[in-house]
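Here is a short report for a reader meeting this structure for the first time. Please look over the sequence and the model before reading on.

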Amino acid sequence: MGWTGTQWYGSGSRKDFLKHTFLQKSETHTWWISDVSMRGAVAYCISWQRDETTGVETHEGMVILTEKRKDDPHWIYHKEVGESCLPFYFDAPVSLIKKLNELGEPFNDNASQWRDRCLENAQRAKIKVELGTIIQFMKTFKFTSRSGVFEENTFTMATDWNGKKAFRTQTGQLCRIPNWKKLEYRVLGVQ
């Protein structure tokens with residue numbers, strides 16, 4: 001599945017672009033998106049379709065990836081993936097997932113898994129980790145230091161020389177792991 005590119009000379013954000021682009025109407029159907037929430041270049045929303053002859057509306061949770069390219073300043077590229085395809089993006093706001101659940105049951109097992117994983121991801125992001133907490137990740141990270149290459153999956157929450165939170169390896173090196181709360185891990189205790 002490729003990217004769709006569209007020229008956008010309008011003022012406004014990517015969110016405005018998406019609302020404009022995904023509002024379509026034919027003699028028999030109308031399509032639109034609602035509840036758009038941007039997380040960086042990724043949009044989470046509800047995609048709607050109304051059959052104008054019967055008035056029946058259907059909906060689906062949707063992830064829309066967006067991209068702007070330096071060589072095409074007036075173009076925005078996008079790729080949409082419905083929840084029934086189990087998109088591998090799980091930062092949807094809890095309010096969006098709750099609204100989808102209120103609107104009805106997921107279409108299939110993929111949609112159900114996607115909603116569940118978004119809620120799990122939101123819960124994990126709320127966990128407060130204090131200094132001295134020992135965390136073991138389910139995957140091993142590879143690091144390069146002055147003393148060579150090493151692998152590690154167990155860290156202690158510490159602070160760096162600027163007072164910002166960082167991880168300390170078992171051998172004492174400080175490191176950062178971007179978006180670590182989105183990864184699978186378990187807390188082993190506090191030092």
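This is a predicted model: local features need pLDDT of at least 70, side-chain atom pairs count only at pLDDT 80 or more; totals for chains, interfaces and linings use all residues.

Strands of a sheet pair through backbone hydrogen bonds.

## Strand by strand

Begin with S1. It pairs with strand S6 (residues 72-82) over 4 bridges, in the antiparallel sense. Here glycine 5 stands opposite tyrosine 77 in S6.

S6 also pairs with S5. The two run antiparallel and are joined by 7 bridges. Valine 63 has valine 81 in S6 as its bridge partner. S5 and S6 form a hairpin, with 2 residues between them.

Next come strand S4 (residues 42-51) and strand S5 (residues 57-69). They are antiparallel and share 9 bridges. In this pairing, tryptophan 48 has histidine 59 in S5 as its bridge partner.

## A helix across the strands

Which residues of H2 are buried? They are Leu96, Ile97 and Leu100. Seen down the axis of H2, these buried residues fall within an arc of 95 degrees, so they line one face of the helix. They pack against S3, S4, S5 and H3. The face turned away from this buried side carries the exposed residues Ser95, Lys98 and Glu102. Just after H2, glycine 104 takes a positive phi of about 155 degrees.

## The nonpolar cores

The largest nonpolar core has 14 residues. Tyr44, Ala92 and Trp114 touch the most other members. The elements giving two or more residues to this core are S4, S5, H2 and helix H3 (109-126). S4 gives the most, with 4 residues.

Which residues does tryptophan 114 touch, not counting those up to four places away in sequence? The list is Tyr44, Val63, Glu83, Leu86, Pro87, Tyr89, Phe90, Ala92, Ile97 and Leu100. In soluble globular proteins, nonpolar side chains tend to be buried together.

Definitions and conventions. Residues are numbered from 1 along each chain as its sequence is written. Side-chain values use heavy atoms; hydrogens and water are left out. Two strands pair if DSSP finds at least two bridges between them. A nonpolar core is a set of buried Ala, Val, Leu, Ile, Met, Phe, Trp, Tyr and Cys residues joined through side-chain atoms within 4.5 Å. Buried means under 20% relative accessible area, exposed over 50%, partly exposed in between (1.4 Å probe, protein chains only). Contact means heavy atoms within 4.5 Å. The arc is that of the directions from the helix axis to the C-beta atoms.
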